[in-house]
Amino acid sequence: MGVDLRQVVAGVLTLTMFVMLGNMIKRDHFDSVEGKFPGARDVEFDSEKVSEQGVVSFSKRSTNGPWIESGQELKPCWKESTFDEVEPKGFVTFSLTNGPEYHVSQIADAVVVARYIGATLVLPDIRGNKPGDERKFGEIYDVDKFMKSLYGVVKVVKGLPDDVSIRDFTAVKVPNRISDDHIAEQIKPIFKTNSNIRLATFFPSVNMRKTTKTSASDSVACLAMFGTLELQPEVDEVVDSMIERLRTLSRKSNRRFIAVDLRAEILGKKGCHGSSSSGTKSCFSAQEIAIFLRKIGYDKDTTIYLTQPRWDESLDVLKDIFPKTYTKESIMPADKKAKFLKSEDSEFEKVIDFYMCSQSDVFVPAISGLFYANVAGKRIASGKTQILVPADIPGSSASVTNHFSPYISKKNHMAHSCFC
């Protein structure tokens, strides 16, 4: 009996399919076996196995991670129609200092003061921590957007007239989130005497919790804090390109990534790891962040962005557990590094970190403070509410929802007074 060639070909194809299926099953089986990092001797730690170098080994096969879809972008609750234009009678000057998390608050206080006393606001300069480290507002932020957003609220000029000298200004210190009463009692009398003042904001508190007390300036403060600052085009383009690079590296997690505010120089400071009066920690190390993220369900393929300026060996433990961990220097476009990575204390770097953390799918503040608080505000406004506060988790796992920031779970951030 002759052999049908078509039957032979069909038989070979069938056999090939069975071989491929067997390999897939076998590979899947080995993927589910406990993975070990080479060269590590295990010791017990918090019901997990942690190597002496701090590398964690997990027995359960993890999923893609506890990703939660972003909510809808919220709408401003403040009403711009309530802003009646007034004729200004003097000038208010100020500088932006210490990074974007402070800029947001300094802008809000200056606008509220200028509006209340009826003064013209002079566009601020930006000053770093080092002497001589000064930049023009337009090097980082969009000047036209800033001025247009305040049209009809306060008059904004780019500089003082030639007949007005900065020597004629009276310096006034103002507390962050200044109240109408403080302006009326402490600032307005000075302005009446000398119609030119220079503000310097100090921060008696770094939290941004909303209060039950309301004032006539609330709408102005909301607009100033959330509706005035946008990055100038070149800086915005760098942030966008870095975000796209991270999303490209995150194919296995559906283009999602985590931003962690973790800076080695702050973690090394005395008292950083001490407990606060409430019994909670104010800082978490790279190892603690790695264990926290694994326990709540993020797998080894998760992409992580760190605010650390340059790679530090203390971060190696995090990269051992999450190989796709990056700092600015590894994902910034090569032709932008000369300008934006000049120094570790660059205002450009701080601003880039602030906006990267504001736009990531998940934000984890390893360090408490104003950076965390004001990033949270921007995220609340845009519906990106997955902000996870680290914690020491006993046992081998925990629900991600147990670690949402109180700014989110309790809706106690002042942004919730500004958006609805």
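Q: Buried means under 20% relative accessible area, exposed means over 50%, and partly exposed is in between (1.4 Å probe, protein chains only). Which residues of helix 5 are buried?

A: Helices (H or I, at least four residues) and strands (E, at least two) are DSSP runs, numbered from the N terminus. In helix 5 the buried residues are Val220, Ala221, Cys222, Leu223, Ala224 and Met225. The elements that cover them include helix 2, helix 3 (143–149) and helix 15 (415–418). The model is predicted, so local features need pLDDT of at least 70 and side-chain atom pairs count only at pLDDT 80 or more, while totals for chains, interfaces and linings use all residues. Residues are numbered from 1 along each chain as its sequence is written, and side-chain values use heavy atoms, with hydrogens and water left out.

Q: How many helices and strands does the protein have, and what percentage of its residues is buried?

A: There are 15 helices and 15 strands. Of the 420 residues, 48% are buried. Contact means heavy atoms within 4.5 Å. Among contacts with a separation of 6 or more, 72% are between residues 24 or more positions apart.

Q: How is a pair of aromatic rings described?

A: By the distance of the centres and the angle of the planes. Rings of Phe, Tyr and Trp (its six-membered ring) pair if their centres lie within 6.5 Å; planes under 30 degrees apart count as stacked, over 60 as edge-to-face and the rest as tilted. This structure holds nine aromatic pairs. One of them joins phenylalanine 137 to phenylalanine 146, at 5.1 Å centre to centre and 55 degrees between the planes, and is tilted. Phenylalanine 137 counts as buried because its relative accessible area is 2%; phenylalanine 146 is buried because its value is 0%. Another pair, phenylalanine 354 with phenylalanine 371, is edge-to-face, with 5.7 Å between centres and 90 degrees between planes. That pair links distant parts of the chain, 17 residues apart: phenylalanine 354 is in helix 12 (residues 347–359) and phenylalanine 371 in helix 13 (residues 370–382). Phenylalanine 354, at 1% relative accessibility, is therefore buried, and so is phenylalanine 371, at 8%.

Q: Which residues do ring pairs link into a cluster?

A: Phe137, Tyr141 and Phe146.

Q: Over which rings does the charged end of lysine 319 sit?

A: A charge sits over a ring if NZ of Lys or CZ of Arg is within 6 Å of the ring centre and within 35 degrees of the ring normal. The charged end of lysine 319 sits over the ring of tryptophan 311, 5.5 Å from its centre. The charged end of lysine 319 also sits over the ring of tyrosine 326, 5.2 Å from that centre.

Q: How are two packed helices described?

A: By the angle between their axes and the distance between the axes. Axes are lines fitted to C-alpha atoms, for helices over the stretch in contact, and angles run from 0 to 180 degrees between N-to-C directions. Angles under 35 degrees count as roughly parallel, over 145 as roughly antiparallel, 65 to 115 as roughly perpendicular and the rest as oblique. A crossing is left-handed if the near helix is turned anticlockwise from the far one by less than a right angle, and right-handed if clockwise.

The axes of helix 2 (residues 100–117) and helix 13 come within 8 Å and cross at roughly 65 degrees, and the two helices are therefore roughly perpendicular. Their crossing is left-handed. Glu101, Tyr102, Val104 and Ser105 of helix 2 meet Leu370, Phe371 and Asn374 of helix 13.

Q: At what angle do helix 12 and helix 13 pack?

A: About 50 degrees, with the axes 9 Å apart; helix 12 and helix 13 are therefore oblique. The crossing of helix 12 and helix 13 is right-handed. The contact involves Asp353, Phe354, Tyr355, Cys357, Ser358 and Gln359 of helix 12 and Phe371, Asn374, Val375, Lys378 and Arg379 of helix 13.

Q: How many residues apart in sequence are threonine 211 and histidine 413?

A: They are 202 residues apart in sequence and 8.8 Å apart in space, C-alpha to C-alpha. Threonine 211 is in the loop between strand 11 (196–202) and helix 5 (218–226). Its relative accessible area is 53%, so threonine 211 is exposed.
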